[in-house]
Amino acid sequence: MSRIIAGAAGGNPLTSVPGTATRPTTDRVKEALFSRLESLAVIDDARVLDLYAGSGSLGIEGASRGARSVELVEFDARASDVCQRNADMVNQVLGRKTVSVHRSKVESFLERAGGDVLWDLVFLDPPYPLDEAALSAVLGKLAPHLDEGAVVVVERSSRSAEPGWPKAMECFSDKKYGETKLWFAEPA
């Protein structure tokens with residue numbers, strides 16, 4: 001069972017998406033990821049976007065650790081329902097609506113985002129079958145919505161190629177954790 005690791009809602013269990021269509025980020029990877037993000041000072045008061053959210057665990061962890069707002073984007077109906085349950089739980093613990101859920105395809109959500117919508121921290125944990133060209137297209141749609149100093153984290157199989165970054169974004173680090181690899185990027 002996944003849980004919120006730290007922050008105001010630390011220790012609370014998260015509902016998991018039933019079935020095998022999603023791969024939850026392990027607590028070990030989540031702990032290492034958020035340790036890194038805290039060292040980069042990008043969580044506190046951040047506007048967070050969690051694309052391909054699954055259960056929403058990454059965005060919700062950000063909310064627990066002090067993000068100003070979190071948007072979870074998930075198209076699958078079962079996963080979106082789980083996101084909503086987890087969002088309701090953390091919002092109740094925090095005493096305010098910090099996390100909102102959007103049942104939408106990622107591409108459509110980004111196309112609908114207004115030109116003035118900016119995020120400080122973005123998580124992308126796309127399904128492994130999503131090919132590199134489709135991931136690159138999503139990164140291209142995301143790039144205009146990154147605020148100065150934003151951090152983008154892409155989680156993929158350690159056997160996957162590095163994402164094709166748009167010209168407006170550059171990778172500054174990567175880290176492998178067993179079968180999982182994280183790439184960190186920022187606006188160029």
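Modeller: Phenylalanine 172 is partly exposed, its relative accessible area being 31% (buried is under 20%, exposed over 50% and partly exposed in between, with a 1.4 Å probe and protein chains only). This is a predicted model, in which local features need pLDDT of at least 70 and side-chain atom pairs count only at pLDDT 80 or more, while totals for chains, interfaces and linings use all residues. Residues are numbered from 1 along each chain as its sequence is written, and side-chain values use heavy atoms, without hydrogens and water.

There are three aromatic pairs in the structure (ring centres of Phe, Tyr or Trp, the last by its six-membered ring, within 6.5 Å; planes under 30 degrees apart are stacked, over 60 edge-to-face, the rest tilted). One of them joins phenylalanine 109 to tryptophan 119, a tilted pair with 6.0 Å between centres and 35 degrees between planes. Because phenylalanine 109 belongs to helix H4 (residues 106–112) and tryptophan 119 to strand S4 (residues 119–124), this pair ties together parts ten residues apart in sequence (DSSP runs numbered from the N terminus, helices H or I of at least four residues, strands E of at least two). Phenylalanine 109 is buried at 7% relative accessible area, and tryptophan 119 is buried at 2%.

Phenylalanine 172 and phenylalanine 184 also form a tilted pair, since their centres are 6.1 Å apart and their planes meet at 45 degrees. Phenylalanine 172 lies in strand S6 (residues 169–177) and phenylalanine 184 in strand S7 (residues 180–187), so parts twelve residues apart in sequence are tied together. Phenylalanine 184 is buried, with 2% relative accessibility.
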